[in-house]
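Here's a quick tour to read with the model open next to you.

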Amino acid sequence: MLFPWNNTYVRLPQRFFARTNPVPVAEPCLIHLNESLATELGLDPDLLASPAGLAALSGNKLPENTEPISLAYAGHQFGHFVPQLGDGRAILLGEVIDRSGNRRDIQLKGAGRTPWSRGGDGRAALGPVLREYLLSEAMAALGIPTTRALAAVTTGETVFRETRLPGAIFTRVAASHVRVGTFQFFAARQDHEAVRALADYVIARHYPACAEAPNPYLALLEMVIRRQAELIAQWMLVGFIHGVMNTDNMAISGETIDYGPCAFMDHYNPSQVYSYIDSQGRYSYANQPPIARWNLTRLAETLLPLLADTEPAAIEAAQALLAQFQPHFEAAWYAGLARKLGLLQKQPGDLELAQELLDLMTSHRLDFTGTFRSLCTESGPAELEAWLVRWCHRLTTEDTSPAERQATMRAANPAFIPRNHLVEEVIDAAVNSGDLQPFEDLLAIVTRPYESQPGRERYTLPPEPSQVVRNTFCGT
Ligand code: AMP
Ligand code: MG
């Protein structure tokens, strides 16, 4: 059996989803199968790579017992509420229980039109599929909660965007696909019963301990706020910019989801934006914490009827929880910065020392990843000379062994990230020359981000001026 389904979402009330079959494609061809993830999920990698597996991963033939659905959700897009979005090009094939006992969704992205497609074609282009593959697997290897890439296939069909592009389908694995926007979908319809059913579902699936709390829904909100605060801190610690933090792109599980025009920044610039549609900088690097809090406030609004007996009491309770976002974020961010700097015993002045480094990196346009990694060998760029003296002095004030410090720093400062110009290079080779080897090479490198990889120095370098990618484009 390809997939030992164990489905729950499809048992929720009918208005939570639409039953939707994938639309077959002309000539599917496997680009890549994530064998270790398949094994982790309890699936058979050989079977998945077989013709029957390819037929399933391309949507050409439904595996046994599959109950495919596309999910309903709404969302605030760039601050504007859209009451109905939904999976316009994604189909949830089903859920499996992985080897650790966790429930995981398996979804085809780009599998054809659904009742939620509006004007879209329901398809995905090869470039964005390769981008999501590389970025999500790099994030997982960095140790950051994220949806995963199980497989990518080309369809043998053309999709039309600004130009004609090869089509592809991405198989995504997620702890679940419930988003802030899923709650908004029902709240906008005053469907309180559905909001409660969804909250109960999420508690059972992701936050079972909340069920024991005096008010499980308050406990749920508190947990989601905490997970998001920690997630955003982890993004920022590796220089990741999500790019489209709309409420439909924020997962209740706390995983990074929906890799569109996202990127890791090269030189440190807090106001960096990648998405060309984000002219206001709403989703810039430094704006990610306040935007996450804004999104969580939208989530809290949907839960108000469940939080207390009266609205004023519910609002007060929600505000108290939302006020915890910033302290949670700061705790995770500062703890992470301390690890990056090898400061293992907290001391007064540490924050200032870290902030001074970031300020120097901004003013000298220093590469974020490369600068931190260089500190692991206590080298560092010339521009930092005075700062390095103070940092080295600070290191002598604790009794951490150099070996322990080095190990901590190497595990907190990646050498390899999927730099934008490298990702674009790979996509260009695949789309314009049909050459997937550069993709394979980059994937192998960025999934071992913390290791020294002799001979791979090129992949650690920031782009030459001519290689700078100014915008990444939407995953549509
Ligand atoms: P995204 O920007 O990928 O988060 O997508 C926002 C919304 O547009 C979601 O409801 C998607 O399902 C939908 N969407 C994006 N691309 C397409 C497409 N090619 N066809 C149909 N729907 C799409
Ligand atoms: Mg989305």
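This is a predicted model: local features need pLDDT of at least 70, side-chain atom pairs count only at pLDDT 80 or more; totals for chains, interfaces and linings use all residues.

The chain is split into two domains, 9–180 and 343–410, and ligand 1 has 18 residues around it. There's also a magnesium ion, ligand 2, held by Asn-249 and Asp-258.

**Around ligand 1**

- Which residues come nearest to ligand 1? Of the 18 around it, they are Gly-86, Gly-88, Asp-121, Gly-122 and Asn-249.
- Sorted by class, that shell comes out as eight charged, eight polar and two nonpolar residues.
- Gly-88 uses its backbone here: one of its N or O atoms sits 2.7 Å from an oxygen atom of ligand 1.
- Arg-118 also faces a ligand oxygen, but with a polar side-chain atom, at 3.4 Å.
- How much of ligand 1 does the protein bury? On its own the ligand exposes 480 Å², and the protein buries 85% of that.

**The magnesium site**

- Two residues coordinate the magnesium ion (ligand 2): Asn-249 through OD1 and Asp-258 through OD, at 2.0 to 2.1 Å.
- Are these two residues buried or exposed? Both Asn-249 and Asp-258 are buried.

**Domain layout**

- Domain 1 covers 9–180, while domain 2 covers 343–410.
- How far apart are the centres of domain 1 and domain 2? Taken over C-alpha atoms, they are separated by 41 Å.

**Val-10**

- Look for Val-10 in the segment before strand 1, which spans 17–19.
- Val-10 has a relative accessible area of 6%, so it counts as buried, the cut-off being under 20%.
- Val-10 also pairs up with a residue well along the chain: Gly-94 is 84 residues away in sequence, yet their C-alpha atoms are 8.5 Å apart in space.

**His-32**

- His-32 belongs to strand 2, residues 29–33.
- Why does His-32 count as buried? Because its relative accessibility is 16%, and buried means under 20%.
- The His-32 side chain makes a polar contact with the side chain of Glu-440, at 2.9 Å.

Definitions and conventions: Residues are numbered from 1 along each chain as its sequence is written. Chains are lettered from A and ligands numbered from 1 in the order in which they are written. Side-chain values use heavy atoms; hydrogens and water are left out. A residue is near a molecule or strand if one of its heavy atoms lies within 4 Å of it. A polar contact is a pair of N or O atoms within 3.5 Å; within protein, one must be able to donate a hydrogen and the other to accept it, and residues adjacent in sequence count only if both atoms are side-chain atoms. Accessible areas come from the Shrake-Rupley method with a 1.4 Å probe; for residues, only the protein chains shown count as cover. Ala, Val, Leu, Ile, Met, Phe, Trp, Tyr, Cys and Pro count as nonpolar, Asp, Glu, Lys and Arg as charged, and the others, Gly among them, as polar. Donors are N, O and S atoms within 2.8 Å of the metal (3.2 Å for Na, K and Ca); water is not among the atoms, so sites may look incomplete. Buried means under 20% relative accessible area, exposed over 50%, partly exposed in between (1.4 Å probe, protein chains only). Domain bounds come from an automatic or database domain assignment. Helices (H or I, at least four residues) and strands (E, at least two) are DSSP runs, numbered from the N terminus.
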